[in-house]
Amino acid sequence: MALHLKMDERDDCDRLDAMAQKIIGTPIDRPEGALKVAGRARYALDMLPAGACHGVLVRATVAKGKLSSVDKDAVMALPGVRAVIADERLLRNPAQGMAGEAPVQGVSDVAYFGQLVALVVADSFEQARHGAQRLKLTLSSDPDVVVRPDDPAADLESPDDQKSEMGDLGRAMVDAAFSIDETYTTPPHASAAMEPHASIAEWSGEKLTLHGSYQMLPFNRSELADALGIDEGNVRILAPYVGGGFGSKLGISQEAVAAAIAAKELGVPVAVAMSRQQVFEGIMRRSETRQRIRLAAGEDGVLTGIGHEAWVSNLPDETFAEPVTQATPFLYQGAHRLIGQHIARVHRTCAGSVRAPGEAVGLTALEIAMDELAEISGIDPLELRLRNIPDKDPTEGIPFSSNKLSEALKVGAEKFGWSERSGTPGTRREGEWLVGMGMASAARVNMLIESKARVTLTGDGVARIESDMTDIGTGTYAVLSQIAGEMLGLPIDHVDVHLGDTDLPRGSGSGGSFGAASNGTAVFLACEDIRNQLCEKLGCDPESLTLKDGHAISGNQRLPFSEILQGTDLVGEGHVEPGKTEEAVRQATFGSYFAEVGVNAVTGETRLRRMLGVFSAGRILNEKTARSQCLGGMTFGIGMALLEELIHDDRDGHIVNRDLAEYHLPVNADVSGLEVVLLDERDGWANPLHAKGIGELGICGAAASIVNAIHNATGVRVRDLPATLDKVLEGLPPLS
Amino acid sequence: MKTELTVNGRRERLDADARTTLLDALRVHLELTGTKKGCDHGQCGACTVLVNGRRINSCLSLACMHEGDEIVTIEGLGEPDRLSDLQQAFLSHDGFQCGFCTPGQICSATAMLSEIEAGWPSHVSDDLDRTPELSSTEISERMSGNICRCSAYPNIVEAIKEAADRRRG
């Protein structure tokens, strides 16, 4: 019998704190880490079976049009080529996160430049690549194509459910002592996970096994089955190691379906890896955004009104739209509000989730606007934020489950030395460097996703955790080991974690920062199930049972598990679902960023000198992996502030900088002086672990602290990200 | 095309398509899958291996160019239960998250430490004639050919410092 929990009310027990093993939260090394540093962790493309063929995908080179023919014969005649596949089941673009069904399929209609429309399969990768380069496609091009979101011909949707209005913002703006009404733009971004999307498909009769690189396997199985037109019971996906995701591997993607079709047709396993360029063009981008932000405040800086309207884009027929304003309804007070979203339909690479969809760009713009409000009101930016923290969700009128924004701001300011910041921009100079400080708030919504897990306590006192959950670098192997070790009183080397296999119980998958808390709760419940079974065997009640170091202690008995179990296994199952606590309270994570930059007075180049992030995300399950997640998020913020920008050609929408040489990610030399502080917090509204998500919080507003620091250093206000040197240079004073 | 080379101390005879990169020869022909393909264009560093002691992007080199060369891959530096100092330091400092760039980072760092010992200056070295100090700035600069999107950079720098300290005794 599985232990089931629907999260309908707050958990007040905090069971983990009552346990005796004391490994929860500790900075243990990743259990799978030795395999990773030794090069023995096997990712999708490392599973190549003997006799496998290799497939290389081929792209269409029109923004919109028809594919009328594929010259298969010429390529089939090349040495080693086994098949040319241009099948209507091929995907136009990946599935959106948690779709659970195939995205738009078909190769006849081309909807964006770079759409993958054919696969060449050969005995070797080199032969397949040669064939793919030689494959002639007959494409027509529709001259009326819209590729620019600001093209007046673009269809613009303004969905009602993304619109909300409270009070009278226009009036509040007129009455305000201080107001801001500015437009901010962010460019499209790429997830750019280090492992390109890759799949190996192998059929055994009607059963398909796919080694893939995916974040959310139960959904991916349904999507793949739907795309192929087969029963999902015949599909097994394996992804024990995933080389980064950041949203780009939420949904099934083109190479998986292509590999499966080819493998079926040829009767041999087929491996298909997307090239880096194909990943840039074919996998989700984060939409560019244009954001109009209005802030109205009184003499004391207290906000009376907030307006946040966003313009984003996506392909026709895609339901996803970057939720830019997601945190705006609850971050700051203000009785008069207007929130809206507009989606332009364009023929560009599909837009989807990239790390922290919504807050990553939305909070960044809002926090630059707050800095502008601080500037014109003469109120310190830190103080301005402290004055505007609401005591409940100002839009919904419900309490926060927990809100440590104030503490995050104060702790960060103290630790960073915020009081040493000059309030007058452009006044601190060191040689040819202008130096300044900036700050921003962080916030991200918190979610719980239905999740199941199985834990087996074996007769020899080892716990085996099983779930189709993934670890995309997030630390799942570590935190699930710690939860089970804590609950069952086992040292970490007595816990084995098996993940990334759709034959195992259905977990939440990795995405939206919900993985550790959702799947962790399922493991927690499975362990409670085992504890209950142990109590039955020992004839004690759960409160009097202590488990530690592989022993059960109750009253004056202390017995090793092996003696209690006598060689048999105990199987526990856990199942958690979201419930009423989702609506009863506003659940979110909060934090603060402080950054110091040097801007070169001659070139306008910005160098980050140091940056601090203070975060509050409920119980921290592993200090080490949580800190690493925050470092990663903040570095995405550095990239957003200074470097990252997908550039679309205005004529046909193609991505001009479709590789890692031209799309500039932060490298080691761009990232120095990063520090992370994790605040102590428990949030029983979230789940019985009292933990919330932390994987995305580090990016939500991070870029604003850097852009604000540039302003403090130079007096130049950049509203069009990234703040590349050309944009800064034009505002710098002339050299004397 | 036939090529003889030494990989992780073993003599290997390859018979591969002339277009086969060293990276694909290692991964597909020799089944040493620790070396990763992140971009196939020398832009990310995930495929870094040591050739005659020096780090290179194995994706930018054809296998048939390596007749007689000595190649060391991540598998040749240590094993899960017998990690090299750098591998151990990456593990304990969490110098990785997803782990995909990690073999390249560690191969790169292994060679980088030798480059510093040999007195090679970098873009950030103050003095071209003196052996560079192993500062965070030097390490970051010299490791900037290895991209880590998870951004374990601060932890990578700490890991390298610790391993270098151990190496120097």
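This is a guided tour of a predicted two-chain model, one selection at a time.

**Before you start**

Residues count from 1 along each chain as its sequence is written, and chains are lettered from A, with ligands numbered from 1, in the order in which they are written. Because the model is predicted, local features need pLDDT of at least 70, side-chain atom pairs count only at pLDDT 80 or more, and totals for chains, interfaces and linings use all residues.

Chain B averages 97. In chain B, 100% of the residues score at least 70. For the complex, the predictor gives an ipTM of 0.99 and a pTM of 0.98.

**Stop 1: where the chains meet**

Select the contact between chain A and chain B. Two residues are in contact if their C-beta atoms, placed from the backbone, lie within 7 Å. Chain B supplies 49 residues and chain A supplies 47 residues. On the chain B side, the elements giving two or more residues are helix 1 (22–29), helix 2 (74–77), helix 3 (85–92), helix 4 (102–117), helix 5 (136–142) and helix 6 (153–168). Helices (H or I, at least four residues) and strands (E, at least two) are DSSP runs, numbered from the N terminus.

Now colour that side of chain B by class. It has 22 nonpolar, 18 polar and nine charged residues. Ala, Val, Leu, Ile, Met, Phe, Trp, Tyr, Cys and Pro count as nonpolar; Asp, Glu, Lys and Arg count as charged; the others, Gly among them, count as polar.

**Stop 2: the two domains of chain B**

Select residues 2–76 of chain B for domain 1, then 85–168 for domain 2. Domain bounds come from an automatic or database domain assignment. The C-alpha centres of these two domains of chain B lie 21 Å apart. Their contact takes 15 residues from domain 1 of chain B and 13 residues from domain 2 of chain B.

On the domain 1 side, look for strand 3 (48–51) and strand 4 (54–57) of chain B, the elements that give two or more residues. Strand 3 of chain B gives the most, with three residues. By class, this side of domain 1 of chain B has six nonpolar, six polar and three charged residues.

**Stop 3: a helix pair in chain B**

Show helix 3 and helix 4 of chain B. Their axes come within 10 Å and cross at roughly 130°. Axes are lines fitted to C-alpha atoms, for helices over the stretch in contact, and angles run from 0 to 180 degrees between N-to-C directions. Helix 3 of chain B is therefore oblique to helix 4 of chain B. Angles under 35 degrees count as roughly parallel, over 145 as roughly antiparallel, 65 to 115 as roughly perpendicular and the rest as oblique.

Select B:L86, B:Q87 and B:F90 in helix 3 of chain B; they meet B:T102, B:I106, B:A109 and B:T110 in helix 4 of chain B. This contact has four nonpolar, three polar and no charged residues.

**Stop 4: domains of chain A**

Colour domain 1 (3–41 + 449–578), domain 2 (44–144 + 195–285) and domain 3 (376–447 + 584–729) of chain A. The C-alpha centres of domain 2 and domain 3 of chain A are 37 Å apart. Domain 2 of chain A puts 10 residues into their contact, and domain 3 of chain A puts in nine residues. Helix 8 (residues 276–282) of chain A gives the most to the domain 2 side, with four residues.

**Stop 5: two helix pairs in chain A**

Start with helix 10 (residues 359–377) and helix 18 (residues 702–714) of chain A. Their axes come within 8 Å and cross at roughly 30°. Helix 10 and helix 18 of chain A are therefore roughly parallel to each other. Select A:T364, A:E367, A:I368 and A:D371 in helix 10 of chain A; helix 18 of chain A answers with A:A703, A:A704, A:V707, A:N708 and A:H711.

Next, show helix 6 (residues 217–228) and helix 7 (residues 254–266) of chain A. They pack at about 50°, with their axes 10 Å apart. That makes helix 6 of chain A oblique to helix 7 of chain A. Select A:L224, A:A227 and A:L228 of helix 6, and A:A256, A:V257 and A:A260 of helix 7, in chain A. The residues of this contact are six nonpolar, no polar and no charged.

**Stop 6: two backbone details**

Zoom in on A:L721 and A:P722. A cis peptide bond joins them, with omega about -5°. A:P722 sits in the loop between helix 18 and helix 19 (725–729) of chain A.

Finish at A:S513. A:S513 is not a glycine, yet its phi is positive, about 60°. Find A:S513 in the loop between strand 24 (495–498) and helix 14 (515–538) of chain A.

Methods
pLDDT is the predictor's confidence in each residue, from 0 to 100.
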